[in-house]
Amino acid sequence: MQNPYFKNLYTFLSYIAVWILLISVHFILLIVSSNISISYALYDSLIFNIIFLVIGLNLWFPVKFISFENNSPFRILINHTVGALTVSAFWVAISFIIIKNLVNLSNQENTFLFTSLFVRFLIGILYYIIIVSVNYITIYYNNFKEKVTNENQLQKLVKEAELKTLKYQINPHFIFNSLNSISSLTITNPPKAQEMTIKLSSFIRSTLAKTDNQFVKLIDELSNVRLYLEIEKIRFEGKFDYIENITDNCLNFNVPTMLLQPLFENAIKHGVYESLEKVVINFNCYLDNEYLKIIITNNFDIDAVPRKGEGIGIKNIKNRLQLIYKQDNLLTVQKKNNIFTSTIFIPLKKD
């Protein structure tokens, strides 16, 4: 881990600014409380504080290697007690030697310097404790921030993997149903089987082109839906109609890729396939406060024997919406009389 004082200019300048403040306070206190010259007060405050400024920059390293993770509290206390005494004694000694050799001291100043050594030694211990404490807090904060960042990245990767898994689950599901339809048509109507194969190829090509996209505009999603319905119309001919009622301001909003496909599959599988009468599939979309509201309805034969299914489509949509928008109430389904209704709410602002 890099020394934070050199990691960026702002941190380094902040550290220097603190010591400039300490030098100023030191200088003022000497002038106010002692009968010494201004020049000595300036030398004293500069030399003592600049030396500890340099020492303080290097106190990062013992903090880094005497970590709470690898050492007991007792061992940390002993190490830093010895460190504080040693560093403070060294600081006082080296500062004393420099002042004695650089400054011509009067008897009064010389006496003041000698008598203040013990107080300076205690101040050195206080400086050591403050700097070491700040360094430990900085390490803890950096580690915590790194941990949070890593966890967020991991959650993002897991979420993306789950979304891709759910999305890829739809394509094989639809292809399986379509291939069954083509298989039936190859016996009853080969030309239509060929036409359906061509449209299915176009649909798969369009879908794979957007494999890596989690979102598409509603107008593009509907384009895929219409292609899917064209494929199914080849098989079922005039057994169903499709009606759209969309406000223009809805078409350019983003929706999750392959969101609508499973709902239209359900309408075909449980409505068109089972009904003896014509089925009408309605698609409605409009803005509802802070949501894009999508409603898909289809009639069905209430007397028909329900086709068995695994419920992949509805479950898939619920899981994807919850993962993306962190809400579990964005999809509702309802059977009332002979009408099946699916309602989706897409938040206009995603967290």
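Which residues is Asp44 in contact with, leaving aside its neighbours within four places in sequence? The section on Asp44 names them.

## Model and conventions

This is a predicted model: local features need pLDDT of at least 70, side-chain atom pairs count only at pLDDT 80 or more, and totals for chains, interfaces and linings use all residues. Residues are numbered from 1 along each chain as its sequence is written, and side-chain values use heavy atoms, with hydrogens and water left out.

## Overall content

The chain has eleven helices and seven strands. These are DSSP runs, numbered from the N terminus: H or I of at least four residues for helices, E of at least two for strands. Buried residues make up 40% of the 351 residues. Buried means under 20% relative accessible area, exposed means over 50%, and partly exposed lies in between, with a 1.4 Å probe and protein chains only.

Contact means heavy atoms within 4.5 Å. Of the contacts in the chain with a separation of 6 or more, 74% come from residues 24 or more positions apart.

## Asp44 in helix α3

Asp44 is found in helix α3. Asp44 is buried, at a relative accessible area of 0%. Its contacts, with neighbours within four places in sequence left aside, are His26, Leu30, Ile99, Phe112, Leu113 and Arg120.

Ile50 is also placed in α3. Ile50 counts as partly exposed, at 42% relative accessibility.

## Helices α5 and α6

Helix α5 spans residues 73-102 and helix α6 residues 107-115; their axes come within 12 Å and cross at roughly 175 degrees. Axes are lines fitted to C-alpha atoms, for helices over the stretch in contact, and angles run from 0 to 180 degrees between N-to-C directions. The two helices are therefore roughly antiparallel. That term applies to angles over 145 degrees; under 35 is roughly parallel, 65 to 115 roughly perpendicular, and the rest oblique.

At the contact, Phe96, Ile99 and Lys100 of α5 meet Asn110, Leu113 and Phe114 of α6. These residues divide into four nonpolar, one polar and one charged. Ala, Val, Leu, Ile, Met, Phe, Trp, Tyr, Cys and Pro count as nonpolar, Asp, Glu, Lys and Arg as charged, and the others, Gly among them, as polar.

## Two sides of α6

Glu109, Phe112 and Leu113 are buried in α6. They cover an arc of only 100 degrees around the axis, which puts them on the same side of the helix. The arc is that of the directions from the helix axis to the C-beta atoms. Asn107 and Thr115 are exposed on the other side of α6.

## Aromatic pairs

The whole structure holds 13 aromatic pairs. Rings of Phe, Tyr and Trp (its six-membered ring) pair if their centres lie within 6.5 Å; planes under 30 degrees apart count as stacked, over 60 as edge-to-face and the rest as tilted. Phe52 and Trp91 form an edge-to-face pair, 5.1 Å centre to centre with 85 degrees between the planes. Phe52 lies in helix α3 (residues 38-58) and Trp91 in α5, so the pair ties together parts 39 residues apart in sequence. Phe52 is buried at 0% relative accessible area, and Trp91 is buried at 3%.

Tyr140 and Phe144 form a stacked pair, 6.4 Å centre to centre with 15 degrees between the planes. Both lie in helix α7 (residues 117-188), four residues apart, about one turn of the helix. Tyr140 is exposed at 59% relative accessible area, while Phe144 is partly exposed at 47%. Elsewhere, ring pairs link Tyr15, Trp19, Phe48, Phe52, Trp91 and Tyr127 into a cluster.

## Loop residues

Asn338 is found in the loop between β6 (331-336) and β7 (339-347). Asn338 is partly exposed, at 33% relative accessible area. Residues up to four places away in sequence aside, Asn338 touches Asn298, Asn299, Phe300 and Ile302. The C-alpha atoms of Asn338 and Asp301 are separated by 6.5 Å, at 37 residues apart along the chain.

Asn289 is not a glycine, yet its phi is positive, about 55 degrees. Asn289 sits in the loop between β4 (279-288) and β5 (291-299) and is exposed at 72%. Lys326 also has a positive phi, near 60 degrees. Lys326 lies in the loop between α11 (312-325) and β6 and counts as exposed at 62% relative accessibility.
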